[in-house]
Amino acid sequence: MVTNRYIFEISNFSVYYGDFLAVKNISLNIHSNKITAIIGPSGCGKSTLLRSLNRMNDLIISSWVEGKAHFQGVDIFHKETDIIELRRRIGMVFQKPNPFPNSVYENVAYGPKIRGVKSKSELDGIVENALVRADLWKEVKDKLNESGMSLSGGQMQRLCIARSLAQNPEVILFDEPTSALDPISTANIEQLLQELQKTVTIVIVTHNMQQAARISNYTAFMYLGELIEFGETDSIFVNPQNKLTEEYITGRFG
Amino acid sequence: MAIFDEELKALREQVLKLGSMVENAIRDSVKSLVERNSELAREVVKRDHLVNALDVAIDEECVRLIALRQPMARDLRLITTAMKITTDLERMGDLAVNIAERAIELNETPQLKPFVHIPKMAEITQSMVRDALDAYVAGCSRLPYEVIKRDDEVDEETVKNFQELLGYMIKDPKIIPLAVKRTYVAKYLERIADHATNIAEMVIYMCKGKMIRHMDSPERE
């Protein structure tokens, strides 16, 4: 298989909520097997952009898009695109850990089950593998039947990552995955993202600029719906080219 | 003004203060030699610990700012540049002390000949230090590039000074000890100019985010 260096190719892409233009004419290519961070002040459109990548915005009735957004050559917004399959290939993890009110095992096995995996031994293998990859196996292997809700915040978030990994995704989108976690759990998740990057492309929206600086390879800075600057994280944080970016990352905004 | 901005302003002022102390040390050390004033030379030696103390204080402040403020972009470059500049300034201070020590020794014997090249070198060198630091404080301009160019003038004077003294030494080997000390002084000034060049290069980095050290001249622009 020929692998493209860009897993997402986005050009002249806009997202509207009714008349409101939330993402303005953005062009951006996202590299495979890298961590791309999207930063910017609240309301800048970064979550909207993120949620467009696996069409989570479809859930908002008034939203509509313009322009090109391709994932591995597939037009994300084409009317014949299989959304279920798209979301299997592009997983998502949210700000607040949201395990199902179910056992640890069932949380991870849910995806494979609904896509038709029936064999108990195969499911066991998938669950263990996903939990190992999410660096949670050691902590939960003796309590797979306990409720996912009984875990600590950091563990719940890793359970959500395992749930996503069980679907064998090519991308995982993270919407502020550590903003509800303590510093140690945050460090664990950051470490985990850097491990996962070897096999999965990661796009992360974060308000924590140090986090973007610590873990990402590329950083996109958005403001008022526009992409102001995109580049390698090193250059964005050491020598940004745009004055707005500079003001934002040095904390002198507005 | 935000607290962090005030801290950065104070940092710039400290660097500037260190710079002016070093500038004075260079001026006085050369003056003590040219005017045969050993008292002034001893002053320069005595004052060096103030330079060392301020160098350490600035470094500590930079580390504190990095730890507590997590500076980014131009703030980060300002602070890392301050750390590098102070190292160069402290070495310049030491070289001024070396000049003062040679002055004390040379002042004990009759003067070989009036000084020509050394006062000229001192003048250029001091202007390099002053302009490099002005550029650090004032921000981006042509100034640091001018400083780098002036280093060549100092190098030329160093060579002229040596050739002249060599002539004296060949004519009269008895004066070799004195002449060698004079070449030392020129060498110290030449090194000071190199440190000033380093500062100018770091200021360019601070402004543009581009390292021009160890590049050939065309790439530098």
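**A walk through a predicted two-chain model**

With 20 C-beta neighbours inside 10 Å, L196(A) counts as buried, and the cut-off for that class is 20 or more. L196(A) belongs to helix 7 of chain A, which covers residues 183-196. When residues up to four places away in sequence are left out, L196(A) touches R133(A) and I202(A). The chain also brings I35(A) into this part of the picture: although 161 residues separate I35(A) from L196(A) along the chain, their C-alpha atoms are separated by 9.5 Å.

Chain A contains 10 helices and 10 strands. Its radius of gyration is 18 Å, close to the 18 Å that the globule rule gives for 254 residues, so chain A is as compact as a globular protein of that length. Taken along the principal axes, the C-alpha atoms of chain A fill a box of roughly 55 × 45 × 35 Å, and buried residues account for 42% of the 254 residues. Of the contacts in chain A between residues at least 6 apart in sequence, 68% join residues that are at least 24 apart.

After helix 3 of chain A comes G116(A), a residue whose phi is positive, near 105°.

Chain A also meets chain B, in a contact that takes 8 residues from chain A and 7 residues from chain B. On the side of chain A that touches chain B, helix 9 (233-238) and helix 10 (243-249) each supply at least two residues. By class, the residues on that side of chain A divide into 4 nonpolar, 3 polar and 1 charged.

The C-alpha atoms of chain B fill a box of roughly 65 × 40 × 20 Å along the principal axes, and 40% of its 221 residues are buried. Among contacts in chain B between residues at least 6 apart in sequence, 80% join residues at least 24 apart.

The packing of the helices in chain B can be followed pair by pair. Two packed helices are described by the angle between their axes and the distance between the axes. Helix 1 (residues 3-34) and helix 2 (residues 38-69) of chain B have axes that come within 9 Å and cross at roughly 160°. An angle over 145 degrees counts as roughly antiparallel, and helix 1 and helix 2 of chain B are therefore roughly antiparallel to each other. Helix 1 of chain B passes helix 2 of chain B in a left-handed crossing, and the residues of their contact divide into 15 nonpolar, 4 polar and 9 charged.

Helix 1 of chain B also packs with helix 4 (residues 117-138) of chain B, at an angle of about 175° and with the axes 10 Å apart. That angle makes helix 1 of chain B roughly antiparallel to helix 4 of chain B. On the helix 1 side the contact includes V15(B), L16(B), V22(B) and I26(B), while on the helix 4 side it includes A122(B), V129(B), L133(B) and Y136(B). The residues of this contact divide into 13 nonpolar, 3 polar and 4 charged.

Helix 4 of chain B in turn packs with helix 5 (residues 143-171) of chain B, at about 165° and with the axes 9 Å apart. Helix 4 of chain B is thus roughly antiparallel to helix 5 of chain B, and the crossing of this pair is left-handed. Among the residues that make the contact are M121(B), I124(B) and D131(B) of helix 4 and V147(B), R150(B) and E157(B) of helix 5. By class, the contact of helix 4 with helix 5 of chain B has 10 nonpolar, 4 polar and 8 charged residues.

Key: Residues are numbered from 1 along each chain as its sequence is written. Chains are lettered from A and ligands numbered from 1 in the order in which they are written. This is a predicted model: local features need pLDDT of at least 70, side-chain atom pairs count only at pLDDT 80 or more; totals for chains, interfaces and linings use all residues. Helices (H or I, at least four residues) and strands (E, at least two) are DSSP runs, numbered from the N terminus. The radius of gyration is taken over C-alpha atoms; the globule rule is 2.2 Å times the number of residues to the power 0.38. A residue is buried if 20 or more other C-beta atoms lie within 10 Å of its own, exposed if 12 or fewer, and partly exposed in between; C-beta atoms are placed from the backbone. Two residues are in contact if their C-beta atoms, placed from the backbone, lie within 7 Å. Ala, Val, Leu, Ile, Met, Phe, Trp, Tyr, Cys and Pro count as nonpolar, Asp, Glu, Lys and Arg as charged, and the others, Gly among them, as polar. Axes are lines fitted to C-alpha atoms, for helices over the stretch in contact, and angles run from 0 to 180 degrees between N-to-C directions. Angles under 35 degrees count as roughly parallel, over 145 as roughly antiparallel, 65 to 115 as roughly perpendicular and the rest as oblique. A crossing is left-handed if the near helix is turned anticlockwise from the far one by less than a right angle, and right-handed if clockwise.
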